[in-house]
Structure formats: C-alpha cells, structure tokens
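Reader: I have a model open here, and I'd like to know what the words used for it rest on. Can we go through them one by one?

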Amino acid sequence: MAYVDGFVLPLPKKNLEAYREIAQKAGTIWREHGALQFRECIAEDVKPGKLTSFPQSVDLKEDETVVFSWIVYASRAARDEINDKVMKDPRMADMMKPEAMPFDGKRMIYGGFEVLVDL
C-alpha cells in the first residue's frame, strides 16, 4: 500500500514565487529518486475555525497563506530509501539551509502516513 509524507506550513505571501522555485526543484529531485507524486498546494478556501483549522494549526499571520503538500511513495520502505537519497543529493544542499527557506520552518507540521483508503 502507498505511503504519504504530508506537510502544512505558513508562507509569507511575498515569498510565493521563491517557494514555487524551491518546490519545483525539490519535486524534481524527489521524483527522480522514485517518489510517485509531489504536490504543493496554496490555500484558496481555508477559514479560521472555532476550535481547529489550517490557519490555526500553523499560527498563520495576516501576511501569510497556508501551503498544504504531500509526497506519495510506493511504500514506507520506498519512502525511507528515497528520502535518504534526496537528503544526500548535492542539489538539495542549498535548499536545506535555514536562511534559504522562504517560510518559518518552526511552524511547519509534517508526518508520514499509511494510506487507509485508495480509490
């Protein structure tokens, strides 16, 4: 069964193009190393909730938007192998530096998920 890494992060609206560039480069690298899908989505209809919401989850500021992303792998084992290769890929070095990140990584939420239903 497939395996998914999921991400939610706050992105300053002024950094949208810088984020898009990094995401396109990173996505190319992940796909080259075997990821089945690489998706980066910008919030279009996410409102603050009463108890929980995407904006609340990342402590969204007025000048930010929410990014919702995922990477799909064939399995957990494939994910671990692919991520190891990606992290060792020299093209990732500059992108992984904190000063290169166009968002506050401390407010990013991420994790790995087993697929429960796949229609």
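Author: Let's start with Trp-70: at 25% relative accessibility it counts as partly exposed, because buried means under 20% relative accessible area, exposed means over 50%, and partly exposed is in between (1.4 Å probe, protein chains only). Bear in mind that this is a predicted model, where local features need pLDDT of at least 70, side-chain atom pairs count only at pLDDT 80 or more, and totals for chains, interfaces and linings use all residues. Residues are numbered from 1 along each chain as its sequence is written, and side-chain values use heavy atoms, with hydrogens and water left out.

Reader: And what makes Phe-68 partly exposed?

Author: Its relative accessibility is 38%, so Phe-68 counts as partly exposed.

Reader: Why is Trp-30 called buried?

Author: Its relative accessible area is 9%, which is under 20%, so Trp-30 is buried. Phe-38 has 15%, so it is buried too.

Reader: What makes Trp-30 and Phe-38 an aromatic pair, and why a tilted one?

Author: Rings of Phe, Tyr and Trp (its six-membered ring) pair if their centres lie within 6.5 Å; planes under 30 degrees apart count as stacked, over 60 as edge-to-face and the rest as tilted. Trp-30 and Phe-38 are 5.9 Å centre to centre with 35° between the planes, so they form a tilted pair.

Reader: Why is the pair of Phe-68 and Trp-70 called tilted?

Author: Their ring centres are 5.4 Å apart and their planes sit at 50°, so that pair is tilted. Ring pairs also link Phe-54, Phe-68 and Trp-70 into a cluster.

Reader: How do you know that Ile-71 is in contact with Trp-30?

Author: Contact means heavy atoms within 4.5 Å. Leaving aside neighbours within four places in sequence, the residues in contact with Ile-71 include Trp-30, Phe-38, Val-4 and Phe-7.

Reader: What makes a set of residues a nonpolar core?

Author: A nonpolar core is a set of buried Ala, Val, Leu, Ile, Met, Phe, Trp, Tyr and Cys residues joined through side-chain atoms within 4.5 Å. The largest one here has 14 residues, and Trp-30, Ile-71, Tyr-73, Ile-82, Val-86 and Met-92 touch the most other members. Apart from it lies another core, of six residues, among them Leu-9, Leu-11, Tyr-19 and Phe-103.
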